[in-house]
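Subject: Structure for your files

Hello,

Here is the structure I said I would pass on. My notes on what turned up in it come after.

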Amino acid sequence: MLQRGLFIVVEGCDRSGKSTQCANLVSNLTKSGIDAELIKFPDRTTQTGKMIDNYLQQKSELDDHAIHLLFSANRWEAMQAIHDKIVHQRKTLVVDRYAFSGVAFSSAKGLDSNWCRHSDVGLLSPDIVLFLDLPIDEAEKRGGFGEERYEKKELQIRVREEFMKLEDKNWKVNL
Ligand code: NYM
Ligand code: MG
């Protein structure tokens with residue numbers, strides 16, 4: 001029996017298959033007797049999440065720094081609950097996007113990547129990061145690509161490059 005649950009983050013560009021793989025992972029963990037739960041960022045249900053959703057659906061305009069900080073706030077407001085689940089309830093969390101997306105997308109837009117990192121400093125660190133690396137050409141062919149802000153080939157290529165700069169020893173790329 002684990003003393004605490006694991007914090008597993010799944011990252012990737014848009015349409016890389018994260019949601020499908022996250023669902024598969026949770027279901028396989030559950031079948032192996034591990035109490036696992038799926039969490040997703042941005043969480044579009046909260047107040048900050050609604051502002052983020054409007055922005056992504058191009059219903060509102062926001063300064064690049066302001067939206068970056070909203071994405072960050074959307075994680076901070078979930079921290080206590082995440083901590084309780086992992087530490088007290090010993091649940092393993094599979095998290096669809098996290099602070100890496102925050103830095104990769106905002107710096108791909110042109111913000112300073114050091115500035116981008118600051119607002120997430122102190123968030124709970126993941127135990128494992130799984131990065132789904134699908135060629136952008138393939139992602140582009142998938143249904144729905146292009147509906148939301150950021151779903152543009154040129155930006156996705158830069159996002160992928162920014163993700164690669166964040167890779168460290170806790171990352172597993174395309175397992
Ligand atoms: N995104 C996501 C960011 O720009 N910063 C963040 O901190 C996070 C968590 O939001 N294009 C972007 C990546 C996606 C978009 O995510 C919505 P999803 O997983 O498609 O709902
Ligand atoms: Mg998306």
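Some housekeeping. This is a predicted model, in which local features need pLDDT of at least 70 and side-chain atom pairs count only at pLDDT 80 or more, while totals for chains, interfaces and linings use all residues. Residues are numbered from 1 along each chain as its sequence is written, chains are lettered from A and ligands numbered from 1 in the order in which they are written, and side-chain values use heavy atoms, with hydrogens and water left out.

The α5/α8 pair

The axes of α5 (residues 99–108) and α8 (residues 153–166) come within 8 Å and cross at roughly 130 degrees. Axes here are lines fitted to C-alpha atoms, for helices over the stretch in contact, with angles running from 0 to 180 degrees between N-to-C directions. Helices (H or I, at least four residues) and strands (E, at least two) are DSSP runs numbered from the N terminus. On the α5 side, Phe100, Ser101, Val103, Ala104, Phe105, Ser107 and Ala108 take part; they meet Leu155, Gln156, Arg158, Val159, Glu162, Phe163 and Leu166 of α8. Contact means heavy atoms within 4.5 Å. The residues of this contact divide into 9 nonpolar, 3 polar and 2 charged, where Ala, Val, Leu, Ile, Met, Phe, Trp, Tyr, Cys and Pro count as nonpolar, Asp, Glu, Lys and Arg as charged, and the others, Gly among them, as polar.

Burial of α5

In α5, 10 of the 10 residues are buried, so the helix is largely enclosed by the rest of the structure. Buried means under 20% relative accessible area, exposed over 50%, and partly exposed in between (1.4 Å probe, protein chains only). The cover over these residues includes β1, α3, α6 (113–118), β4, α8 and β5 (171–173). Just after α5, Gly110 has a positive phi of about 120 degrees.

Nonpolar cores

A nonpolar core is a set of buried Ala, Val, Leu, Ile, Met, Phe, Trp, Tyr and Cys residues joined through side-chain atoms within 4.5 Å. The largest has 36 residues, of which Ile82, Val95, Tyr98, Phe100, Tyr150, Val159 and Phe163 touch the most other members. Its largest share, 6 residues, comes from α5. Leaving out residues up to four places away in sequence, Ile82 touches Ile39, Phe41, Leu93 and Leu124.

Backbone points to check by eye

- Phe41 and Pro42 are joined by a cis peptide bond, with omega about 0 degrees. Pro42 sits in the loop between β2 (36–40) and α2.
- Arg97, in the loop between β3 and α5, has a positive phi near 80 degrees without being a glycine. Arg97 counts as buried at 9% relative accessibility.
- Tyr150, in the loop between α7 (136–141) and α8, has a positive phi of about 85 degrees, and is not a glycine either. Its relative accessible area is 10%, which makes Tyr150 buried.

Two other residues

Ser72 lies in α3 and is buried at 1% relative accessible area. Beyond its neighbours within four places in sequence, Ser72 is in contact with Ser119 and Asp120. Gln57, in the loop between α2 (47–56) and α3 (64–76), is partly exposed at 35%.

Regards
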